[in-house]
Amino acid sequence: MTSHEPRSDAGAADTRARVFGRRKRGGSGEELMVPRAEFRSYYGRPVLKPPVWEWKVPAYLFTGGLAAGTSLLAAGADLTGRPALRRVGRTGSLAALLASVYLLVADLGRPERFHHMLRVAKPTSPMSVGTWILSAFGPGVGVAAAAEVLPAGLRRALPGRLLHAVARPAGLASAVIAPAVASYTAVLLSQTAVPAWHEAHAPLPFVFTGSAAASSGGFAMALVPVEEAGPARALAVFGAATELVASKVLERRLGLTAEAYTTGKAHRLRKWSERLTAAGLLGAVLGHRSRAVSVTAGAALFAGSALQRFGVFEAGVESTKDPKYVVVPQRQRANRR
């Protein structure tokens with residue numbers, strides 16, 4: 001065959017194999033001869049801008065969960081005749097809620113921005129839904145706490161008696177909304193474009209809800225006599241176990257994005273959170289008769305929950321700095337489709 005004659009089918013196939021970096025395998029299949037192309041971002045810059053939020057946001061995530069859990073505890077204590085637990089739960093919930101509002105407004109920079117969120121209701125917007133959840137949760141918490149701190153002289157007056165009468169319904173109404181308050185911040189984070197938060201949309205609400213229960217139970221364990229702290233210990237044990245399990249599930253199911261949680265500062269924060277939460281869980285189970293153990297275990301659960309929120313926040317920030325956390329998951333989803 002001369003150079004001017006057409007090539008055979010076999011020769012054309014060999015040419016295509018050389019051009020596209022493939023060769024025949026077993027006469028029918030083909031095998032890659034060159035590695036997959038590496039992704040690159042524009043001039044090596046991050047694909048996404050890191051969140052501009054400061055430490056106030058993870059602190060807000062923590063105090064919001066604490067307000068929800070202590071409200072739930074207070075309602076249960078009111079129904080079961082535990083006045084010390086009820087008082088700590090109601091006043092603690094109000095204090096945590098006020099701290100949440102301050103942190104949120106301070107991070108927004110302009111207080112009227114929170115007010116503007118109440119002008120509309122958008123069911124498709126987690127931020128709008130969260131604003132309305134907080135607005136529905138707050139009044140009941142305030143009324144119930146006011147009944148606890150009202151001076152004894154005013155309690156016998158007509159306004160005091162009316163306040164005492166509405167305190168229980170108000171506390172119960174807030175307790176109904178409390179689970180949504182504890183979990184909506186996880187939904188809010190997962191609806192952003194931040195890879196470490198977006199990819200964790202399934203396990204993150206369980207992490208946050210468990211963390212809220214653990215911190216609330218630990219808070220009450222540290223401040224309530226052991227005779228009345230039974231419900232607080234039960235909530236702490238449930239929350240700590242949920243948080244620990246959900247946190248491990250998060251790390252194992254995120255694939256490449258899990259590196260943002262298991263490396264760097266986020267890993268150190270969450271590792272200490274895991275240690276403190278596990279220690280608090282053990283203390284809540286074994287040391288329920290000791291006041292000193294209850295206080296120590298409660299403080300460990302409280303601190304572990306706070307570190308969990310800061311660790312999740314730090315993982316989100318770091319995941320925006322490396323383009324692989326954006327490009328690789330997108331490519332994997334495209335390949336699955």
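Tutor: We begin with a definition: helices are DSSP runs of H or I with at least four residues, and they are numbered from the N terminus. Please keep in mind that this is a predicted model.

Student: In which helix does Val293 lie?

Tutor: Helix H13 is the run that covers residues 291-319. Val293 belongs to that run, and the helix asked for is therefore H13.

Student: Is Val293 buried, partly exposed or exposed?

Tutor: Buried means under 20% relative accessible area and exposed means over 50%, with partly exposed in between. Val293 has a relative accessibility of 34%, so Val293 counts as partly exposed.

Student: Leaving aside its neighbours within four places in sequence, which residues is Val293 in contact with?

Tutor: Contact means that heavy atoms lie within 4.5 Å. Once the neighbours within four places in sequence are left aside, the residues in contact with Val293 are Gly283 and Gly287.

Student: How are the rings of Phe62 and Phe302 arranged as an aromatic pair?

Tutor: The structure holds three aromatic pairs. In the one formed by Phe62 and Phe302, the ring centres are 5.0 Å apart and the planes make an angle of 85°. Planes over 60 degrees apart count as edge-to-face, and the arrangement of Phe62 and Phe302 is accordingly edge-to-face.

Student: How many residues apart are Phe62 and Phe302?

Tutor: Phe62 sits in helix H2, which spans residues 56-80, while Phe302 sits in helix H13. Their pair links distant parts of the chain, and the separation is 240 residues.

Student: Which residue forms one aromatic cluster with Phe62 and Phe302?

Tutor: Rings pair if their centres lie within 6.5 Å. The cluster that contains Phe62 and Phe302 has one further member, and that residue is Phe219.

Student: Which residue lies over the face of Phe208?

Tutor: For a charge to sit over a ring, CZ of Arg must be within 6 Å of the ring centre. Here the distance from the ring centre of Phe208 is 4.4 Å, and the residue is Arg309.

Student: Is H9 roughly parallel or roughly antiparallel to H10?

Tutor: The axes of helix H9, residues 204-223, and helix H10, residues 230-253, come within 7 Å and cross at roughly 150°. Angles over 145 degrees count as roughly antiparallel, and therefore H9 is, relative to H10, roughly antiparallel.

Definitions and conventions. Residues numbered from 1 in each chain as written. Predicted model: local features only at pLDDT ≥ 70, side-chain atom pairs only at ≥ 80, totals over all residues. Heavy atoms only, no water. Phe/Tyr/Trp six-rings, centres within 6.5 Å; stacked < 30°, edge-to-face > 60°. Helix = DSSP H or I, 4+ residues; strand = E, 2+ residues; numbered from the N terminus. Lys NZ or Arg CZ within 6 Å of the ring centre and 35° of its normal. Axes fitted to C-alpha atoms, helices over the stretch in contact; angles between N-to-C directions. Parallel < 35°, antiparallel > 145°, perpendicular 65-115°, else oblique. Buried < 20%, exposed > 50% of the residue type's maximum accessible area, 1.4 Å probe, protein only.
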